Amino acid sequence: MKKVDTLIVGLGLAGLAYAETLYRNNRSFHVIDRPASGSSVVAGGIYNPTLLKRFTMTWMGGEFYQTALPFYRALENRFQTSFLFPAPIKKIFNSQRDHNDWSAAADRVGLSDFLDPSLHFTPLDGVKTPFGHGVVRACGRLDIPHLLTTYAEWLGDRIDFTPFDHDRLQFTSSGLRYGGIVAQRIVFCEGYKMKSNPYFNALPLQGSKGQILLIHCPDLAEDTILKGPMFLAPLGDHLFWAGASYEPHDKSLELTQEARASLEKNIRKMIDVPFEVRQQLTQIRPTVSDRRPLIGQHPRHDSLFLLNGMGSRGVLTAPLAAEWLFASIYDAVPLPKAVDIARFEI
Ligand SMILES: Cc1cc2nc3c(=O)[nH]c(=O)nc-3n(C[C@H](O)[C@H](O)[C@H](O)COP(=O)(O)OP(=O)(O)OC[C@H]3O[C@@H](n4cnc5c(N)ncnc54)[C@H](O)[C@@H]3O)c2cc1C
């Protein structure tokens with residue numbers, strides 16, 4: 001029988017952030033994960049605390065950013081490898097009106113750290129920029145697959161790659177028992193699959209399907225991320241992540257011709273050099289009706305906790321969300337009301 005402080009279900013960005021938070025605070029844990037089946041493995045990994053549709057900051061974007069970057073840097077130091085690939089985002093302007101909106105936004109507190117006030121009109125090779133572009137600084141991409149694989153390898157016998165069966169969970173006088181594991185508590189980090197969790201599935205996790213393309217494009221610069229109707233982010237070896245679709249009403253993992261055609265059309269709106277589609281992928285983002293994370297303790301089962309609802313910004317959100325959950329459990333620091341699952345009925 002293995003005794004641990006916490007059993008974590010799911011090793012996407014949320015599960016990893018919580019495991020690492022426990023590790024840094026000398027708490028024992030065990031992870032159960034069905035690998036390569038979550039939103040994290042398909043995500044572009046782009047980190048950017050601004051909203052480039054409206055030229056505003058995302059909710060608590062600055063705070064999430066301040067925690068996330070050092071969190072991943074510390075992992076890079078420990079594993080002696082690179083997970084973060086800083087790259088400016090070049091926002092392709094749609095019209096002249098964007099110029100005024102950009103200049104006004106670049107002056108605002110918070111946004112001024114990220115939006116370079118200059119308007120750029122020098123053509124970019126292979127990119128269609130009839131109205132020029134603006135530059136978002138201090139952004140980039142997290143190589144999530146590399147991070148998750150490296151972390152899972154390091155966990156060694158602290159992870160089991162198997163589906164977690166909620167029916168096999170036993171509540172005992174000394175805590176929880178699942179197979180050969182005895183734990184004081186469970187933290188569920190299941191992403192959209194929380195919909196199959198009988199303890200938490202009444203929460204309004206809506207889910208938004210996203211399809212993406214991996215394209216090969218030898219004539220495009222690989223040192224920047226482009227943002228037009230969607231993102232084009234370089235992965236190395238002339239491969240680019242192109243996405244993503246936003247399909248909140250489709251909960252299937254089916255790859256559709258419509259999405260592929262629409263993604264290809266958007267790519268052609270952004271670039272005028274040839275590309276070849278290498279792969280199409282999809283997953284469902286764990287989005288919530290009020291667009292805030294879902295964190296906290298089950299109202300009737302004291303030993304069950306949730307860390308979910310990372311939405312479409314898991315890279316920046318997960319590390320601070322994990323800190324909040326940890327502080328609420330071990331230091332009795334109340335969770336921010338906006339993220340506490342107590343805001344909903346279960
Ligand atoms: C197309 C697309 C593009 C995106 N792009 C970005 C981006 O550029 N930047 C960004 O910040 N975010 C992006 N996101 C959002 C990001 O992917 C999510 O916010 C984040 O990955 C969610 O992490 P998570 O750990 O909560 O969930 P997940 O990544 O889904 O991880 C959940 C894990 O739990 C496991 N699991 C679930 N149930 C069980 C069970 N019963 N037993 C065992 N294991 C289980 C799953 O297999 C999975 O490994 C994107 C999402 C999509 C779909």
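Predicted model: local features only at pLDDT ≥ 70, side-chain atom pairs only at ≥ 80, totals over all residues.
**Aromatic rings**

- F171 and Y199 form an aromatic pair that is edge-to-face, with 6.0 Å from centre to centre and 75 degrees between the planes.
- That pair also links distant parts of the chain: F171 sits in strand 11 (residues 170–172), while Y199 is in the loop between strand 13 and strand 14, 28 residues apart.
- Is Y199 buried or exposed? Y199 has a relative accessible area of 16%, and because buried means under 20%, Y199 counts as buried.
- F171, its partner in the pair, is partly exposed, with a relative accessible area of 39%.
- One aromatic cluster is formed by Y23, F79, F83, Y151 and W154.
- W154 has arginines over its ring: R78 lies over the face at 4.4 Å from the ring centre, and R158 lies over the face at 4.5 Å from the ring centre.

- Seven strands form an open sheet with mixed pairing, and their order is 8-7-15-16-17-14-18.
- Which strands are at the edges? They are strand 8 (133–136) and strand 18 (276–285), each of which pairs on one side only.
- Neighbouring strands of this sheet are turned by 25 degrees against each other on average, ignoring direction.
- Strand 14 and strand 18 run antiparallel and are joined by nine bridges.
- Across these strands, K209 stands opposite I284 in strand 18.
- Helix 5 packs on the sheet, where it touches strand 7 (89–92), strand 14, strand 15 (225–227), strand 16, strand 17 and strand 18.
- The direction of helix 5 makes about 55 degrees with that of strand 14.

**I212, a residue of strand 14**

- I212 is found in strand 14 (residues 208–216), a strand that helix 5 touches.
- With a relative accessible area of 2%, I212 is buried, because the limit for that label is under 20%.
- Which residues does I212 contact, leaving aside its neighbours within four places in sequence? They are V42, W241, A242, G243, A244, L263, Q279, Q280 and L281.
- I212 and G38 are 174 residues apart in sequence, and their C-alpha atoms are 14 Å apart in space.

**N197, a buried loop residue**

- N197 is placed in the loop between strand 13 (181–188) and strand 14.
- N197 counts as buried, at 0% relative accessibility.
- The side chains of N197 and E190 are joined by a polar contact of 2.9 Å.
- Not counting residues up to four places away in sequence, N197 touches H166, F188 and E190.

**Backbone details**

- The peptide bond from G243 to A244 is cis, with omega near 5 degrees.
- A244 lies in the loop between strand 17 (239–243) and helix 5 (257–270), and both G243 and A244 are among the contacts of I212.
- F55, although not a glycine, has a positive phi of about 55 degrees.
- The place of F55 is the loop between strand 4 (50–51) and strand 5 (56–57), and F55 counts as buried at 5% relative accessibility.
- H238 is another residue other than glycine with a positive phi, near 65 degrees.
- H238 lies in the loop between strand 16 (231–236) and strand 17, and counts as partly exposed at 31% relative accessibility.

Note on methods
Residues numbered from 1 in each chain as written. Heavy atoms only, no water. Helix = DSSP H or I, 4+ residues; strand = E, 2+ residues; numbered from the N terminus. Buried < 20%, exposed > 50% of the residue type's maximum accessible area, 1.4 Å probe, protein only. Contact = heavy atoms within 4.5 Å. Polar contact = N/O pair within 3.5 Å; in protein donor to acceptor, adjacent residues only side chain to side chain. Phe/Tyr/Trp six-rings, centres within 6.5 Å; stacked < 30°, edge-to-face > 60°. Lys NZ or Arg CZ within 6 Å of the ring centre and 35° of its normal. Pairing = 2+ DSSP bridges. Axes fitted to C-alpha atoms, helices over the stretch in contact; angles between N-to-C directions.
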